Amino acid sequence: AVVANHGRFVANADTALAYNGGAATTFDNTATGTVQAAAGRTLTLGSGVGFVNHGGQLQADAGGAIVYGDNAAAFHDGTRFTGAGANRVVGTARFNGGYTSENLVLQGGNFIGNGAVMGGSTAFSGGSFTGSWTVGANQQLAAVDGSFKYVDNGTFTNLGTVAWNTGNAWYLQGGAVVANHGRFVANADTALAYNGGAATKIGRAHV
């Protein structure tokens, strides 16, 4: 099955988009589309639902959340995470190109970057960056308490601010490279730690 959203899809109750068997399914949110969780409501995109956002708006209103489950989501260039609630990625997701965020939370799983560029403010509570990632100039990634945090066999470039607001260490493994051209601020006692595999590298000139 394929659902193509060119308008507005609003979850006014706690609900889920769920795969139910057979051939692979797709929910396409186009550049003109909005997927919205109403205030106080949670919309869950379950495992097996091929959710692809083609630059559309993903809006979680106050107290609400859109939750992207395991291996559920791909976010293409121009994606907008908006609202006073939270867009929560809890499983494997692909980020292709740049996005803007008011409320994105990278909560767990594998975040695969293909020229991924963070715009606005993104919270990082757990999971692994792989592929190519950049924090844009004058933009922010804020690390907060949660689970293990990694860069695994990827390149993470900071042109803005990484605010490390947690005692959770940041583990680099598998030849990971962190290139800091902006500001990396440790606001808690923490560590940047090697975690195995090929040698890792941190560019420290502007830490």
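Student: How much space lies in the largest cavity?

Tutor: A cavity is a set of points on a 1 Å grid over the protein atoms alone where a 1.4 Å probe fits but cannot get out. Points are joined across faces, edges and corners, and the volume is the space filled by probe spheres set on them. Here the largest cavity holds about 80 Å³. This is a predicted model in which local features need pLDDT of at least 70, side-chain atom pairs count only at pLDDT 80 or more, and totals for chains, interfaces and linings use all residues. Residues are numbered from 1 along each chain as its sequence is written, and side-chain values use heavy atoms, leaving out hydrogens and water.

Student: Which residues have the most contacts inside the largest nonpolar core?

Tutor: A nonpolar core joins buried (under 20% relative accessible area, 1.4 Å probe, protein chains only) Ala, Val, Leu, Ile, Met, Phe, Trp, Tyr and Cys residues through side-chain atoms within 4.5 Å. The largest has 40 residues, and Y68, F75, F95, F129, F156 and W170 have the most contacts inside it.

Student: What does F156 touch?

Tutor: Contact means heavy atoms within 4.5 Å. Not counting residues up to four places away in sequence, F156 touches residues including F129, W170 and V178.

Student: What share of the residues is buried?

Tutor: Buried residues make up 47% of the 207 in the protein.

Key:
On a 1 Å grid over the protein atoms alone, a cavity is a set of points where a 1.4 Å probe fits but cannot get out, and a pocket is an open set with protein on both sides within 12 Å along at least five of seven lines; lining residues have an atom within 4 Å of a point. Buried means under 20% relative accessible area, exposed over 50%, partly exposed in between (1.4 Å probe, protein chains only).
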